[in-house]
Amino acid sequence: MSSLLEDRYRLVLRMLPSDYRQAWEEDMVASFMQAAYAAAPDDAEGVEIGRPSFAETASVAALALRVRLGGTGAAPRPFVWGEAVRRVALVGLLAHAIGALVGVVYSIWTFNQLDGVIPLTGGTPLFGSLWAALWSLTAVLWLPPYLSAVHGHHRAARILAVIAFIPVMIKSVIGMTDGPGAVTPTQVYWLLFAALPLFAMAAFGPDAPRVRARPWLIALPVGVVAVMAATAIVLAVQPHVDEERLLPLLILADRPSLWCAGLTGAAVVHLSIEHRRPRRMPVWPLALALLVPPVLILRVITLVHGLLFAGTADIALTVTIGAVQCAALIVTGAMLALVAARRLRDLRAAAEPAPGQTAPTVI
């Protein structure tokens, strides 16, 4: 008859995948029980009614995460999940890095410091004092973790990402404590959304493979140019738009819209080429599908927040724009999830190729 402590250890071990638990559960429970009795040799009855320590539970949770998000040498399905979450982390870091560089270029542009470039007269400086200017430059801290992750320095990337997130957290907390009613669901969610790559970087374990650096390095300046172009178009059109129609224009070009446009565009591209590569591991379809729910929530919550300040003439057009963006995300996200699910289901067979067949490759 098992003791209460043993039952509790087995309950904790249920965080592990079933096949892993089937292979190692007995050995792990025996090790835990042996350590528990060794820690209190004179109180066997007390040990048997005890509970797993926080450190033991945390270690099992970390092991479960590593097993499910596999790296080099892992089974195909955990490897795909690990690669997909690592792509989510890289995309998040890329977005932060693009936002940081756009902020710097935009600030210099608004002060007419870019020789040969048309002055950005419609832009509003992002800062009005030296301290505010210095504080805005903390966004550049997102560049080192992004470049570190791209070049395979995963441990350094995790540490630098935490450092880069600190100013974001401080700014958010200050905003939330700025008087009664300062805490809004939009602010809280923006903070969680900014932290998304930090959570996803848990998949960068010691066995995480390196990515091809060149595409990610090219994506950085391309993203900066694209966002700056969208910003310039909005600022050029803005003076010719009635004030009552200003909100729909801003909704079309705010950061959630850029996320929606970028994610929808990437989804369409991948869906259009996936059928030509049926043996590819579904890393990108799964990664893009994982990004859809947080971006969709971001679009909805910021749209609702924007409607609180909308005039009556803006509401119908603003809601229509937001609904189209959300519908596009939902449809492409569902198609990506279907592709990823079908490929994951086939992975077990693909992992054991028939004679003459080649193993699946990673995008």
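Which residues does Thr 332 touch, not counting residues up to four places away in sequence? They are Thr 264, Ala 267, Val 268 and Leu 271. Contact here means heavy atoms within 4.5 Å.

## About the model

This is a predicted model, where local features need pLDDT of at least 70, side-chain atom pairs count only at pLDDT 80 or more, and totals for chains, interfaces and linings use all residues. Residues are numbered from 1 along each chain as its sequence is written, and side-chain values use heavy atoms, with hydrogens and water left out.

## Thr 332

Thr 332 sits in helix α14, residues 312–351. Helices are DSSP runs (H or I, at least four residues), numbered from the N terminus. Thr 332 has a relative accessible area of 8%. That makes Thr 332 buried: buried means under 20%, exposed over 50%, partly exposed in between (1.4 Å probe, protein chains only).

A polar atom of the Thr 332 side chain lies 3.2 Å from the backbone oxygen of Leu 329.

A disulfide is a covalent bond between the sulfur atoms of two cysteines. The rule used here asks for a pair of cysteine sulfur atoms within 2.5 Å. The count comes to 0 disulfides.

Cys 260 is buried, at 2% relative accessible area. Cys 326 is also buried, with 11% relative accessibility.

## Ile 170

Ile 170 belongs to helix α8. Its relative accessibility is 36%, so Ile 170 counts as partly exposed.

Terms used:
Helix = DSSP H or I, 4+ residues; strand = E, 2+ residues; numbered from the N terminus. Polar contact = N/O pair within 3.5 Å; in protein donor to acceptor, adjacent residues only side chain to side chain.
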